[in-house]
Amino acid sequence: MTAIDIVGEGISLSMLPERGGKITSLVDVERSREWLEQPSRELVGSADESQTFDEGDMCGWDEMMPTIAPCQDPSTGVSLPGHGDLWRRPWEVTARDRRSVSTRVTGDALAYSFERTVTLGVRSLQMEYRAKNQGDTDLQFLWATHPLFSVLPATKVVLCNVGDVQELHVAGDMAPWTWPEGGVSVVDTLTHGQGKKFFARATTGDATASMVDGDGGALTMRWRSSAIPWLGIWLDNCSLSRGPVAAIEPTNASDDSLEVAARTGQSWSLPRGAELFWSVGVTVSGTVTAPR
C-alpha cells in the first residue's frame, strides 16, 4: 500500500487512498506538531470489513457517508453499515501534484460516487467535495468529515459562530450543554475511560472549531454555515481511543443516523444524476484568539 505525501508552505499531509482515503498525517511543520492521532501499528491493505469502525484503526482522518450510526436507508430499506461505506473501500487517485491530490470512490450499499480534492497552501488545507447520485432513485445521505485529533494535556476545543450545543446520550436523547467561551479540555472535562458526543448548530457566516494547544498553537476548521449547518464533536478520554482525542465533524445533520436525519428534514437529497458540492478549510497557526 503506497502512501501519498503532499507538501504546502509550513504544512504537510500523508494519505492512504487504498485504506478508505484515510489521511494518516497532518503536520504543522513550523511547530513540529502532528495533529492527527497515529495508528498503533502499520496500516496494511484495505480496512478489515469484519471489524466495526470503532474496533479498527481509531486514527487519522476519514469521511463518513451515507450514515454514521448503522440504520436502514429511508428510501430503499437497504441496511447501511456503521460509519458508512467510505472508510472501508479503496479510493482511486484521479489527479495529483506536489500540493494537491484528488480521489474518487463509489458507494457500496447505495449507488453514488464521492470525490475529494485536498490542496495544501500556506499553512492551510482546502478540502473540496463532490457527491453524485449514480442510481435510478433519489439519494438521501448524511455526511460528516471525521478527523481524530490528538490531544495534549492543555489542548482545548474552541468554537466560534457555533451555538445551541446539545449532548447526545446513549438512549438517543439530547440535553443542553454549555460550551465555555475559553474552550473545553478533554482531559479536564472527561474522566479516564469516558467519551461524549455533542451536536451544535453553525449560526452565521463562517463557523469555526479550533484545537488550541497550551502554547497558543492551533488548528482551525472553517466552513460556511449556509452549506454545512451542523457540527458534531466527539471527545474521548480513552473510551474507544488509546489516548485523549477530539473529533471535530462538520456535518449536515444533528444526529448520527440517516434515518433520523431524513425524518427531521436534515438529510441531503440528490435526484438521479444530480451532484452536490461543498468544502471545508483548515489552517494551522501559532496563536488563536478565543471568541468573546
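**Close-up views of a predicted model**

**View 1. L231 and its surroundings.** Leaving aside neighbours within four places in sequence, L231 is in contact with L159, V162, F198, F199, A200, A209, W223, I248, E249, P250 and T251; contact means heavy atoms within 4.5 Å. L231 is part of strand β21, residues 230–237. Helices (H or I, at least four residues) and strands (E, at least two) are DSSP runs, numbered from the N terminus. With a relative accessible area of 0%, L231 is buried. Buried means under 20% relative accessible area, exposed over 50%, and partly exposed in between (1.4 Å probe, protein chains only). S25 is 206 residues from L231 along the chain, and their C-alpha atoms are separated by 22 Å.

This is a predicted model, in which local features need pLDDT of at least 70 and side-chain atom pairs count only at pLDDT 80 or more, while totals for chains, interfaces and linings use all residues. Residues are numbered from 1 along each chain as its sequence is written, and side-chain values use heavy atoms, with hydrogens and water left out.

**View 2. E249 in strand β22.** Strand β22 covers residues 244–251 and holds E249. The relative accessible area of E249 is 3%, so this residue counts as buried. Beyond four places in sequence, the contacts of E249 are I68, A144, T145, H146, K197, W230, L231, G232 and W234.

**View 3. L235 and the nonpolar cores.** A nonpolar core is a set of buried Ala, Val, Leu, Ile, Met, Phe, Trp, Tyr and Cys residues joined through side-chain atoms within 4.5 Å. The largest one has 68 residues, and W61, F114, W223 and L235 have the most contacts inside it. A second, separate core has five residues, among them M58, L148, W234 and A247. Not counting residues up to four places away in sequence, L235 touches V157, W179, V184, V186, L190, Q194, G195, K196, F198, V245 and A246. In soluble globular proteins, nonpolar side chains tend to be buried together.

**View 4. G21 in a loop.** G21 sits in the loop between β2 (11–16) and β3 (22–28). Its relative accessibility is 0%, so G21 is buried. C59 is 38 residues from G21 in sequence and 13 Å away in space, C-alpha to C-alpha.

View 5. Most residues other than glycine have a negative phi, and most peptide bonds are trans. M65 and P66 are joined by a cis peptide bond, with omega about 5°. P66 is in the loop between β5 (61–64) and β6 (71–72). N161, a residue other than glycine, has a positive phi near 60°. The place of N161 is the loop between β14 (156–160) and β15 (162–168), and N161 is partly exposed at 32% relative accessible area. D164 also has a positive phi, near 50°. This residue lies in strand β15 and is exposed, with 54% relative accessibility.

**View 6. The setting of the close-ups.** The protein has two helices and 24 strands. Its radius of gyration is 18 Å, close to the 19 Å from the globule rule for 292 residues, so the protein is as compact as a globular protein of that length. The radius is taken over C-alpha atoms, and the rule is 2.2 Å times the number of residues to the power 0.38. Of the 292 residues, 54% are buried.
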